[in-house]
Amino acid sequence: MPGRRSVIGSYQAVADIAGQRFFSTTIPRHADITLTVDGKEVTVPQGTALIQACEAAGATVPRFCYHDRLAIAGNCRMCLVEVERSPKPVASCAMPAMPGSKVFTNTPLVHKAREGVMEFLLANHPLDCPICDQGGECDLQDQSMRYGSDRTRFHEITGKRATENKDLGPIVKTSMNRCIQCTRCVRFANDVAGVEDLGTTGRGNDLQIGMYIEKTMDSEMSGNIIDLCPVGALTSKPYAFQARPWELKKTESVDVLDAVGSNIRVDSRGVQVMRVQPKINDEINEEWINDKTRYAYDGLKYQRLTTPLVREGDKFVPATWEHAMESIRHGFLNSGARGDEIKAVAGALADTESLVALKDLINRMGSENLTTDTPLGHLPSPTGSEIRSNYLFNTSIETANEADAVLLIGTNPRHEAAILNTRFRKSYLQTGAEFALIGENFDSTFEYEHVGTSAKDVESFLGGKGKGAFGKIWKEAKKPLVIVGSGVIEGKEGAAVLKAVSKHMLDNSARFLAEGWNGFSVLQRAASRTAALDVGFTPSAAASKATPKFVYLLNADDIDPSTIPENAFVVYQGHHGDLGAQFADVCLPGAAYTEKATTWVNTEGRSQMGRTAVPPPGASREDWKILRALSEVVGEPLPYDDIYTLRERMWDVSPTLLRYDTLERPSAELVTAGLKQLSSASVSAGSATAFKKPISDFYRTDPISRASVTMAACSKAFTKKEYETTQVDDAIGGQASYA
Amino acid sequence: MSLRSALAPLRQAVRVTPRRAFGSSASRQSESLFVHRDTDYNNPNIKFEFTPENLKEAQKIIDRYPPQYKKAACMPILDLGQRQNGGWTSISVMNAVAKLLEMPKMRVYEVATFYTMYNREPVATNFVQLCTTTPCQLGGCGSTKILETIESHLNVHPGQTTKDGKFTLIEVECLGACSNAPMMQINDDFYEDLTPETTIQVLQALSKGERPKPGPQSGRRTSENSAGLTTLTGPPPKPGQFNLPEFQ
Ligand code: SF4
Ligand code: FES
Ligand code: FES
């Protein structure tokens, strides 16, 4: 990986704040070099670590501390290989590949070296595999089986090194005796997550990982250190002693708890989701997922709607599907709803298939009143839905870290798209990107300049009145990037902000819309919003004025109750008994994202397929099937009987929905046309009302995470800061002394 | 500080038993903690601020390094803090250093826990560090004797502070004055060529508040041969003295 060399051994250097970042402005492109690994020639770019060259030649090199997405530490020595004319075996991760060198990974010397390293690592390891949660997916276990000695020479009657456990909060469980001091967790925390409190204290035999003072690991990315830890020192608290990896069925799927569309692997046993793990996707989440993605899964067990419910008086009564459908038909007929008085509201967790089906159904019933549960969701979106680039994250997550100056408007990427935030932390540390924010301050993992709070400030900043250092940086930036938060677009000032931004883009199109760069991005925070706009799930201007008499809530749980008239007949379809269900006359139990194979479109406009990991509980059904059944009952049957015909219909609506895993970038003309549309909107100038963060509690944003016990604990610990650190070991708790 | 206790097991090993020894060396763990525990004398709420003089001194140190590598000054400034704080580095000192150098606190904690000469627990006004590494153990009367002398004179064991709060005694590894073994360091001064008598003299002087003359207590100069010089006895040659006449 070119550019990697620039971070070698600098994790301490880069971890610092205030002007002490590590700079290497361009990624140097080096010529290729050729070397021989185990008699096989291999050509790699200059500067590649030797371990990667070996990998490229097909030779496996065992490792503990090396991780290709982290800085290099070179402290475990497991990756020793033999290099011709080198007197000692060399640590291949910390050694650049040299042209013409001859490397051997499979000689007696190497075997002996590995065995020796293994022996040292195990000397202080508790060997408690039977009671360790890492068992079955432990690098130490696997590699000791493969490379270790078959017997021990360790007969230490005085025992092994002991280290007290640290309490890092409700997510990470520690068992520090097992730690082999690879420092992967430290490097991740400092470089990726931006938690600069994790480090190593002491030295030699006393070296230990921790924060020195008692402290939780307050990061939305903390769960990743569990995956990174090659041994069982860091394991998952919610998953502790729940299952062994070989018992789990693994399903590759997509996360829907934010709009990033992180690729995940859902591990299930029987009908239960046991855990969620990241799946590597370099274009989106690399190898990380945030803690909500990882730990909200226990919310799938609680507060579920498992059977249709019909309201009788002020009580919900369980009903059969037939009864529920009949009640809806009666309710609909009795409500007398006609045309635009039939209103559909789509929530954050509605999948694309059911959005299309619901839109078709409502349209067939003669209504254009297709809304979302956002604050002004009953009005057409200021972005419009015709030109995709107006509401997409055009810059793409993968290239977002190329931006050298980023202006965030009313958004906190740390909570709205934690994965994107890690990219920004990377560019902040490695290429010295500069950031500025217009909006509410937040606890950031990069430094930013606060240049305003309101739509008025957006107008004046982009109008060239940018003061301070960032105003100057902005004018000189080669790859500037504006990110407009979804909270802004959903608010009253959305159109005004978009107008100011699009004007600025068009005026500076040479920099913002250059070849291979698009500096205009809208950051969505809910999984269904992009798809909703893609399929045209927005009300017509006329429809948005109608007073609804029949309201259909599809996963709409963030709805403002005042938008539902008293006497309207309300149907709620969704998987959790959350806010939306409270207003319903009839509740139809749908499937959650782990229980259906559906399409999701992320904020970049990339459509991805989620897959079924477990069956929907009880009598609940896949959402599009419910809509299909309902269409029959209300007398407007939808013309698709299976998922394939429905997907054909989706193709007609928008072919991009079915071009899975590809990112289609709109052409420059289209982007310009879109910006022209935004800039010509007739809106009054932005007011001085400060933008509000749309997410106040990262751990409780949707029905699934609100039902999750783990997320409740995280919210208490990290949002409210009410975590009580357990005294790790009172027995040792006395004073330290000298000796 | 694992090294400081290195000799404890050695001394035990003298008691040879007929049984076969399983562990050839004991798993040696430091007795000091590498995590911080809040106590009433050491917690982040105790204020610590550099005095104006020390701030000036700190600025001088910081100026030695390029501005973006301010953190390079971490070690000398921690030392400065330790001196100001009566010989030990409390959590507040570390926090003050982090603030001054604009580095994450943990980076300072890492440094402070790595090096043994940052005392993370309070020490007495006279911090007696007795070297007990092999050369000192063998040289002169041997450090074991000195250790016993100090222990019985001050009535403390290594790691402890006297009741009157005047002395803290610890064992340390080689301080680089092996040629004058045995030796001890008290605060910034080396007392070398010790015998039980001179050791007690030094300690008595210190407890009276005097500052005994540092260096060899045997009267010899630095580490010159105690039996008199055997070489380099004459005056040093003048420049060109041995050159051929034409080059003189
Ligand atoms: S806790 Fe795990 S990841 Fe961290 S240093 Fe120890 S072994 Fe490595
Ligand atoms: S992987 Fe190379 S030293 Fe750890
Ligand atoms: S051994 Fe004591 S000073 Fe070197």
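Buried means under 20% relative accessible area, exposed means over 50%, and partly exposed is in between, with a 1.4 Å probe and protein chains only. I start there because Thr372(A), my first stop, has 16% relative accessibility and counts as buried.

**Ground rules.** I'm working on a predicted model, where local features need pLDDT of at least 70, side-chain atom pairs count only at pLDDT 80 or more, and totals for chains, interfaces and linings use all residues. Residues are numbered from 1 along each chain as its sequence is written, chains are lettered from A and ligands numbered from 1 in the order in which they are written, and side-chain values use heavy atoms, with hydrogens and water left out.

**Thr372(A).** I found Thr372(A) in strand 16 of chain A, residues 369–372; helices (H or I, at least four residues) and strands (E, at least two) are DSSP runs numbered from the N terminus. What does Thr372(A) touch, leaving aside neighbours within four places in sequence? I get Val345(A), Ala346(A), Gly377(A), His378(A) and Arg529(A), with contact meaning heavy atoms within 4.5 Å. I also checked Gly516(A): from Thr372(A) it is 144 residues away in sequence and 33 Å away in space, C-alpha to C-alpha.

**Chain A overall.** I noted 23 helices and 26 strands. The C-alpha trace spans about 85 × 60 × 55 Å along its principal axes. For 739 residues a compact globule would have a radius of gyration near 27 Å, and chain A agrees with 28 Å; the radius is taken over C-alpha atoms, and the globule rule is 2.2 Å times the number of residues to the power 0.38. I see 59% of the 739 residues counted as buried. Of the contacts between residues at least 6 apart in sequence, 71% join residues at least 24 apart.

**Cores of chain A.** Which residues have the most contacts inside the largest nonpolar core? They are Leu35(A), Leu50(A), Phe188(A), Leu420(A), Phe424(A) and Ile483(A), in a core of 116 residues. A nonpolar core here is a set of buried Ala, Val, Leu, Ile, Met, Phe, Trp, Tyr and Cys residues joined through side-chain atoms within 4.5 Å. Apart from that core lies another of 44 residues, with Val310(A), Ile342(A), Leu358(A) and Leu361(A) among them. I then followed Ile483(A): not counting residues up to four places away in sequence, its contacts include Phe393(A), Leu420(A), Phe424(A), Ser521(A) and Leu523(A).

**Chain B.** I read 8 helices and 6 strands here, in the order α-α-α-α-α-β-α-α-β-β-β-β-α-β. Of its 248 residues, 44% count as buried. Among contacts between residues at least 6 apart in sequence, 62% join residues at least 24 apart.

Where does the chain B cis proline sit? The peptide bond from Ala181(B) to Pro182(B) is cis, with omega near -10°, and Pro182(B) is in the loop between strand 3 (167–172) and strand 4 (184–186).

Thr183(A) has phi near 65° and lies in the loop between strand 6 (172–174) and helix 5 (184–193) of chain A. Is Thr183(A) buried or exposed? Its relative accessibility is 6%, so it counts as buried. Leu232(B) has phi of about 55° and is found in the segment after strand 6 (215–216) of chain B. Leu232(B) counts as exposed because its relative accessibility is 75%.
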